[in-house]
Amino acid sequence: METAPQSVWRWKIAAYLFLAGTGAGAVIVGILGDFAGYVIPAKIAIAFGVPAVAFSTLFLIMDLGRPTKFFRAMLHPGTSWISRGFFIVSALIISGGFVTILWVWPFGSVLGSREGVRTALEAITFIFAVATCIYTGILIGIVVSRPFWNNPLLPVLFLISAVSTGIGGVFFITPIVGSVMGIGSSETATFLTHLESADMILLVFEGIAIYLYLTLVFDRAPEAVGLLLKGKLSGLFWGGLLGAGLLVPVVIEFFAWMTHEGSSQSLAPLIAGVFLLFGGFLMRLLILAAGIRSPLNVRTPFRVRPGF
Amino acid sequence: MPRWGMVIDLLKCIGCYGCQTSCKAENATPPGVTLARVEVTEVGTYPNVTRVNLPLLCMQCNNPPCEQVCPTKATQQREDGIVYVDEEKCIGCKYCMIACPYGARYFVEEKRGYFGDQGLTPYEEVGYEEQRKGVVLKCDYCRHRIDAGLAKGLTPGVDREATPACVINCMAKARFFGDLDDPNSEVAHLVARAQAFQLNPEFGTNPNTHYLPAGRSIVSTEPPTKPPQKE
């Protein structure tokens with residue numbers, strides 16, 4: 001029987017999941033970078049990540065039937081993960097916004113010298129950034145009647161993918177900002193080189209996570225897995241997600257790592273970044289589309305007649 | 001306080017779609033919205049397979065997942081068990097449609113009539129007047145009929161005026177409605193039968209809509225009786 005993909009939440013929600021994940025991932029990368037002492041690339045990553053998260057919420061609002069009433073979504077945090085997510089994402093935007101405004105632009109000097117305050121603010125932002133990546137997995141993961149999502153590994157997969165697409169966003173934005181503003185330094189180049197190696201490992205983990213995920217959910221959601229592996233979504237899954245989104249960036253990063261070339265001049269991170277972002281978006285889109293409902297069980301009507 | 005419930009006998013259902021049509025007439029739902037619907041499905045495992053007409057509507061779960069995920073408290077459960085959408089509060093996030101295991105919820109994207117460029121018919125104009133666009137609709141057991149009937153002193157499930165439209169319109173009399181908490185009601189008797197079942201109870205929803213199977217399994221411990229001999 002041909003099964004149709006899930007069609008309630010479509011590309012707008014996928015775009016939100018992707019952009020919020022990318023932004024939060026970039027914030028995570030930036031804060032870790034600052035803790036490791038890479039100040040300028042950290043500033044670039046945070047100044048890219050926080051607006052990306054803020055921008056992503058526009059897709060959520062656009063998807064609403066009554067967009068002007070979006071603020072009502074915070075009314076039921078007791079049981080609804082949309083309300084909880086509203087608070088988590090708002091907290092990330094606010095605390096991340098403070099870090100951006102007071103450290104990067106326009107009041108960059110405020111936190112530049114006050115290391116303690118900056119570390120504290122960054123720690124808070126870091127927590128909410130991780131929470132943003134994870135809650136989206138819980139948001140759809142708690143739905144028991146959609147077994148493809150109803151799996152504890154989904155938030156983990158979303159977190160890995162968010163950090164990976166965050167790195168992709170940093171790869172994409174850092175060389176551009178560096179060349180436009182003329183701040184491409186050896187510090188940035190070292191940072192990107194380290195990120196390339198880290199992302200290579202992360203992508204291998206992501207591949208393993210996707211494999212594990214499909215194996216785990218197969219028993220309960222064979223239709224959804226079939227849809228991805230050989231159904232309507234198979235082209236996007238094999239060619240798009242696994243090929244262009246995972247394999248190509250791993251190969252690019254591997255060769256960049258092999259040749260040890262100076263990343264600030266090379267195009268490798270930029271190209272890898274584009275593929276990473278593409279793969280991240282496809283992953284959200286495919287996971288959303290594969291979240292089909294369990295079939296309804298009607299008790300079988302066969303008569304057991306006496307004497308038969 | 002009663003707990004309204006419905007029993008649908010799949011053995012009696014002939015798949016006439018009368019419930020679907022009467023629901024549309026009663027609630028004036030726009031195209032694409034079928035609060036009561038009939039799905040023709042295949043059940044069983046080969047070679048014991050058959051097709052079954054499966055009338056579906058909101059199961060009015062005692063433990064409704066749609067109510068739990070609603071971020072605006074637009075979906076609420078009344079004390080009599082009926083789960084309904086307060087269209088004023090709904091913002092159209094569609095999380096409830098994701099959470100509902102039974103596909104009983106519909107998103108109204110725009111106010112659209114059945115006749116395209118001709119515009120709305122007078123019936124549609126009246127029917128759509130109170131409806132909003134950009135919200136999610138669901139079956140609420142025709143709570144307007146129940147409430148109006150109760151106000152007149154009628155009994156839902158017994159008096160036609162106080163009973164959901166799909167139930168009174170069922171020409172095969174496959175649908176039963178009443179108070180599940182009243183041990184003397186018809187629905188309570190039917191639900192008490194061993195064969196009565198709820199759809200996908202493993203989701204933990206505990207629906208107030210129950211079904212009777214399309215064939216009765218007769219489990220007998222007595223030896224088979226011989227057919228009467230012809231003289």
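Modeller: A residue is buried if 20 or more other C-beta atoms lie within 10 Å of its own, exposed if 12 or fewer, and partly exposed in between, with C-beta atoms placed from the backbone. By that count, buried residues make up 45% of the 231 residues in chain B. In chain A, 50% of the 308 residues count as buried.

Colleague: How do you number things, and how far do you trust them?

Modeller: Residues are numbered from 1 along each chain as its sequence is written, and chains are lettered from A, with ligands numbered from 1, in the order in which they are written. This is a predicted model, where local features need pLDDT of at least 70, side-chain atom pairs count only at pLDDT 80 or more, and totals for chains, interfaces and linings use all residues. The predictor's confidence in each residue is its pLDDT, from 0 to 100. Chain B averages 90, and 93% of its residues score at least 70. The model scores ipTM 0.92 and pTM 0.91.

Colleague: How many helices and strands are there in chain A?

Modeller: Chain A has ten helices and zero strands. Helices (H or I, at least four residues) and strands (E, at least two) are DSSP runs, numbered from the N terminus.

Colleague: What makes chain A as compact as a globular protein of that length?

Modeller: Its radius of gyration is 21 Å, close to the 19 Å that the globule rule gives for 308 residues, so chain A is as compact as a globular protein of that length. The radius is taken over C-alpha atoms, and the rule is 2.2 Å times the number of residues to the power 0.38. Along the principal axes, the C-alpha atoms of chain A fill a box of roughly 90 × 50 × 30 Å.

Colleague: Where is the kink in helix H9 of chain A centred?

Modeller: On Gly243(A), with a kink of about 40° in H9(A), residues 234-259. The bend at a residue is the angle between axes fitted to the seven residues ending there and the seven starting there. Buried residues of H9(A) include Leu241(A), Gly245(A) and Leu246(A). The buried residues of this helix pack against H7 (186-218), H8 (222-229) and H10 (268-289) of chain A.

Colleague: What makes S2 and S3 of chain B a pair?

Modeller: Two strands pair if DSSP finds at least two bridges between them. Nine bridges join S2(B), residues 37-45, to S3(B), residues 48-56, and the strands run antiparallel. They form a hairpin with two residues between them. Thr45(B) stands opposite Asn48(B), and Glu42(B) stands opposite Arg51(B). Chain B has seven helices and nine strands.

Colleague: How many residues of chain A are in contact with chain B?

Modeller: 34 residues of chain A are in contact with 44 residues of chain B. Contact requires C-beta atoms, placed from the backbone, to lie within 7 Å. On the side of chain A that touches chain B, helix H3(A), residues 81-104, gives the largest share, three residues. That side has 17 nonpolar, ten polar and seven charged residues. Ala, Val, Leu, Ile, Met, Phe, Trp, Tyr, Cys and Pro count as nonpolar, Asp, Glu, Lys and Arg as charged, and the others, Gly among them, as polar.

Definitions and conventions:
Contact = placed C-beta atoms within 7 Å.
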